[in-house]
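Please keep the structure in view while reading.

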Amino acid sequence: MDSDTPSLSADTLAALQSFLQEKQELDDQFAKLQENAEDMFNERKKITMDYFQEDWQLSQFWYDDTTADFLAARALENTSSSDDDDDDYIAFISSPTAYVAFRNMAPERSNAFIFEFDQRFDVFKDQYVLYNFNKPLDFARTSELKGKFKFFVADPPFLNKECLSQTIETVRFLAADDAKIMINTGAVMEDVARELVGARITGFNPAHRGGLSNEFRCYSTFEDEKLKWLGH
């Protein structure tokens with residue numbers, strides 16, 4: 001009698017076993033990061049996004065290294081630092097890839113913060129702020145951080161006006177005078193980005209590790225030597 005229990009082919013079973021083994025290795029790697037995070041940060045060791053698996057249910061799609069480094073470099077080159085811990089404040093909102101790249105570039109800059117829903121990033125201790133765009137002003141240390149930030153890299157997780165609007169509400173609350181803003185989101189959000197905060201489309205096109213079907217663009221409220229608005 002034939003069994004009603006489905007069975008996997010040898011190739012499918014091998015692929016599944018390989019996937020599970022890779023996932024276990026990544027889980028073990030992240031557990032090691034959690035265990036040794038304080039020592040790694042104190043020694044200013046580089047951290048890679050390979051520690052963090054994308055969670056598509058959270059609409060997580062990591063930038064490729066070129067994109068992450070470009071965004072981090074814009075933050076670094078458009079802010080100032082000093083020896084007395086009076087660095088400009090920088091916010092990476094729903095943009096952990098760019099934050100990790102920035103931290104690797106300038107580990108001494110303690111006033112760079114990651115605002116992120118994914119609590120795996122609490123390994124960054126005091127620089128991590130638990131953030132939910134659905135509650136744009138409901139996060140820890142609001143009174144301490146209000147009006148302090150001079151530079152923003154924001155990547156709203158969903159391509160709709162509500163998500164971008166709530167993210168910008170957070171930006172406005174945190175922003176110091178003359179703050180500079182970069183927003184990475186879909187091409188369909190161009191008019192909304194300009195309407196909400198005066199951000200204009202630039203010639204830089206963010207790219208993701210695994211590719212992305214939606215056309216993705218970068219908008220900014222400023223230009224510098226390497227970031228230019230289209231038409232300029």
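Does Phe-149 count as buried or exposed? In this predicted model, Phe-149 has 0% relative accessibility and therefore counts as buried, the limit being under 20%. Phe-113 is likewise assigned to the buried class, at 3% relative accessibility.

Phe-113 belongs to strand S2 (residues 112–116) and Phe-149 to strand S4 (residues 149–154), so their contact ties together parts that lie 36 residues apart in sequence. A contrasting geometry is found for Phe-121 and Phe-124: their ring centres are 6.4 Å apart and their planes meet at 10°, so this pair is stacked. Both Phe-121 and Phe-124 are buried. Phe-113 and Phe-149 are also members of one aromatic cluster, which is formed by Tyr-89, Phe-113, Phe-115, Tyr-131, Phe-139, Phe-149, Phe-152 and Phe-173.

Arg-200 lies over the face of Trp-229, where the distance to the ring centre is 4.5 Å.

Arg-74 leads on to the salt bridges. Side chains of opposite charge can pair when their charged atoms come close. Nine salt bridges are present in the structure. In one of these, Arg-74 is paired with Asp-224, and the closest N and O atoms are 2.7 Å apart. This pair links distant parts of the chain, as Arg-74 is in helix H2 (residues 65–77) and Asp-224 is in the segment after strand S7 (216–220), 150 residues apart. Both Arg-74 and Asp-224 are buried.

A further salt bridge joins Arg-120 to Asp-118, with 2.6 Å between the closest N and O atoms. Asp-118 has 8% relative accessibility and counts as buried. Glu-144 and Arg-141 also meet through their side chains in a salt bridge, at 3.2 Å from N to O. Here the accessibility class is partly exposed for Glu-144, at 36%, and also for Arg-141, with a relative accessible area of 30%.

Among the cysteines, Cys-163 is buried, with a relative accessible area of 0%. Cys-218 also counts as buried, at 0% relative accessibility.

The strands already named can now be placed in their sheet. Strands of a sheet pair through backbone hydrogen bonds, either parallel or antiparallel. In this model, seven strands make up an open sheet with mixed pairing, in the order S3-S2-S1-S4-S5-S7-S6. At its edges are strand S3 (128–130) and strand S6 (200–201), each of which pairs on one side only. S4, the strand that holds Phe-149, pairs with strand S5 (residues 175–186) in the parallel sense over five bridges. Within this part of the sheet, Ala-154 has Ile-183 in S5 as its bridge partner.

How values were computed:
Residues are numbered from 1 along each chain as its sequence is written. This is a predicted model: local features need pLDDT of at least 70, side-chain atom pairs count only at pLDDT 80 or more; totals for chains, interfaces and linings use all residues. Side-chain values use heavy atoms; hydrogens and water are left out. Helices (H or I, at least four residues) and strands (E, at least two) are DSSP runs, numbered from the N terminus. Buried means under 20% relative accessible area, exposed over 50%, partly exposed in between (1.4 Å probe, protein chains only). Rings of Phe, Tyr and Trp (its six-membered ring) pair if their centres lie within 6.5 Å; planes under 30 degrees apart count as stacked, over 60 as edge-to-face and the rest as tilted. A charge sits over a ring if NZ of Lys or CZ of Arg is within 6 Å of the ring centre and within 35 degrees of the ring normal. A salt bridge is a side-chain nitrogen of Lys or Arg within 4 Å of a carboxyl oxygen of Asp or Glu. Two strands pair if DSSP finds at least two bridges between them.
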